[in-house]
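I opened this model to look up how its parts are packed and paired. My notes follow in the order in which I checked things.

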Amino acid sequence: MSRQPLTFDIEARDGEARAGVLKTRRGEIETPVFMPVGTLGTVKATRFEALEGELDARIILANTYHLWLRPGTETIRECGGLHRFIGWDRPILTDSGGFQVWSLGALRKITEEGTEFRSHVDGSPRFLSPEVSMEVQSALGSDIVMAFDECAPGNASQQDARTSMELTARWARRSHTRFCELQDSAMDAGRMDSSGDLNGKQALFGIVQGASHLDLRRESLDRLVEIGFDGYAIGGLSVGEEKRVMYDVIEDIAPRMPADRPRYLMGVGTPEDLVAAVARGVDMFDCVLPTRNGRTGQAFTSRGKINIKNSSYARDTRPLDEQCSCSVCLRHSRAYLRHLHMTGEMLGGILLTHHNLACFLDTMRRVRQSIRSGNFTRFQQEFLDINAESEVRG
Ligand SMILES: [Zn+2]
C-alpha cells in the first residue's frame, strides 16, 4: 500500500550542506532543524506558548521509553494521543526506546528477541522489542517513528560493534514489518486515530549503528536502504568516543545516505557540533544540552559558553548575550540571572533554558539562511572561530 507520510525537498546546497523543507501532516519544517527534547512530553521548564511563539520550534522530540513507563500507553491513548495529551499540534518525533534501555547498563539483558530490563521508576520487569516499540509509538501517534536499535559503546571493538550492528539490522527489519502492519491496518479500516488524524500516516526512520568502525557503519546503512525507510539517522555517537571520531563517522556516512531523504544525527550536540555536522550533510538534530545546561546554570551564547555561577557576573548588568534578541536577553541582566540561580529560584532555570533554546534555534535559522544565500562556508568559519573559546571572558 502506498504511503507518503512526509515529503522532503532540498532547495539549496552549499558543499555537502543542504537547506530543505520537510512537510508532514502537522506542518512544515525547514531544515537543517534543531528539535528540542521533550523527554516526558515536556520540553523541561518551557511552556508550549513559547515553543510555538517566540522560539518557533517546528518539531519536538519525545521519549518512547519514558512515556511507556509513565503515564503509560493506555493513558495517553485514552487522552487522545500524545499531541492532544500534551497540547501540541506541531510534529513530534519519538525515539524508539533503544537508547534509553541501552543506557540502563547492568539493569538490562539483550537477547535476539528484545531487551529485558527493570523499570528505573519502580523496578518492575519490562520487555521492549522492535514490535513493542512500534506498537507504543503507533499508539502515541507521533509523526516520525524511530526503528528499535541497539547501541554499541563509542570505543566498542570491531567484533562487538559487528554483533551489535547486525542485531540492529535484524531489528530494523522487524521494526519495519510491524510498523507497516500497523499503518496498513489503520488505513484499511479507514479508521481515525484518537488524535483525530487519519492513522497510517506516520513516517519511519532507520538508525545506522556500527560504533567508530566505518566499514560497519557503511554496511549498516546499506542494510537499512535495502529495507527502505522514510528517513535515516546516525545513532550511537556522542557515547564516549573522541570528538574527532564522531566527525569522521559523520563525514563518511552522511554523504552516503540517500540524498532525497532527511538525515538525522541523534543526540548531538553543541552549537559547534551542529554546524560541523550540517557541513557534512546532516539535516536534523536533537540534544538535551540547551535544556539540561539551562537548569545547571550554563548558557550558550554567540561568543561561547557562560557559567552564570561565576562570581564575575554578580554585578554584570549586560544581557547573557548582547547579540541575542530573545525575550530573556532583552529584559534581564547576567547579575539577576546569577542571583536567581544562586538562590535556587525556579525562574532561573526557566529563563536560562529559554535563552539556550533561542540560541540553538537561532543558530539553525542562520545556518539555513547562509546555505540558501551560498555563504555557508564563510558562516561556518566565522562561527567556529568565535566559538573556539570554550568560556566567555568577563
Ligand atoms: Zn537570549
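**Entry 1: helix α10**

I began with helix α10 (residues 271–279), where eight of the nine residues are buried, so the helix is largely enclosed by the rest of the structure. I call a residue buried if 20 or more other C-beta atoms, placed from the backbone, lie within 10 Å of its own; helices are DSSP runs of H or I of at least four residues and strands are runs of E of at least two, both numbered from the N terminus. This is a predicted model, in which local features need pLDDT of at least 70 and side-chain atom pairs count only at pLDDT 80 or more, while totals for chains, interfaces and linings use all residues. Residues are numbered from 1 along each chain as its sequence is written.

I listed the buried residues of α10 as Pro271, Asp273, Leu274, Val275, Ala276, Ala277, Val278 and Ala279. After α10 I found glycine 281, with a positive phi near 105 degrees.

**Entry 2: the two domains**

I then turned to the division of the protein into domain 1 (6–287) and domain 2 (294–387), with bounds that come from an automatic or database domain assignment. Their centres, taken over C-alpha atoms, are separated by 27 Å. I noted 25 residues of domain 1 in contact with 27 residues of domain 2, where contact requires C-beta atoms, placed from the backbone, within 7 Å.

Which element gives the most to the side of domain 1 that touches domain 2? It is α10, with six residues. By class, I recorded 16 nonpolar, two polar and seven charged residues on that side of domain 1, counting Ala, Val, Leu, Ile, Met, Phe, Trp, Tyr, Cys and Pro as nonpolar, Asp, Glu, Lys and Arg as charged, and the others, Gly among them, as polar.

**Entry 3: the largest nonpolar core**

A nonpolar core is here a set of buried Ala, Val, Leu, Ile, Met, Phe, Trp, Tyr and Cys residues joined through C-beta atoms within 7 Å. In the largest one, of 112 residues, I found that Ile60, Phe205 and Ile234 touch the most other members. Helix α14 (residues 346–372) supplies the largest share of this core, 10 residues, and each of domain 1 and domain 2 contributes at least three.

Leaving aside residues up to four places away in sequence, I saw isoleucine 234 touch Val208, Val249, Ile250, Ile253, Ala254, Leu265 and Met266.

**Entry 4**

Last, I followed β8 (residues 115–118) and β9 (residues 125–128), which pair in the antiparallel sense over four bridges; pairing needs at least two DSSP bridges. Phenylalanine 117 stands opposite arginine 126 in β9.

Key
A residue is buried if 20 or more other C-beta atoms lie within 10 Å of its own, exposed if 12 or fewer, and partly exposed in between; C-beta atoms are placed from the backbone. Two residues are in contact if their C-beta atoms, placed from the backbone, lie within 7 Å.
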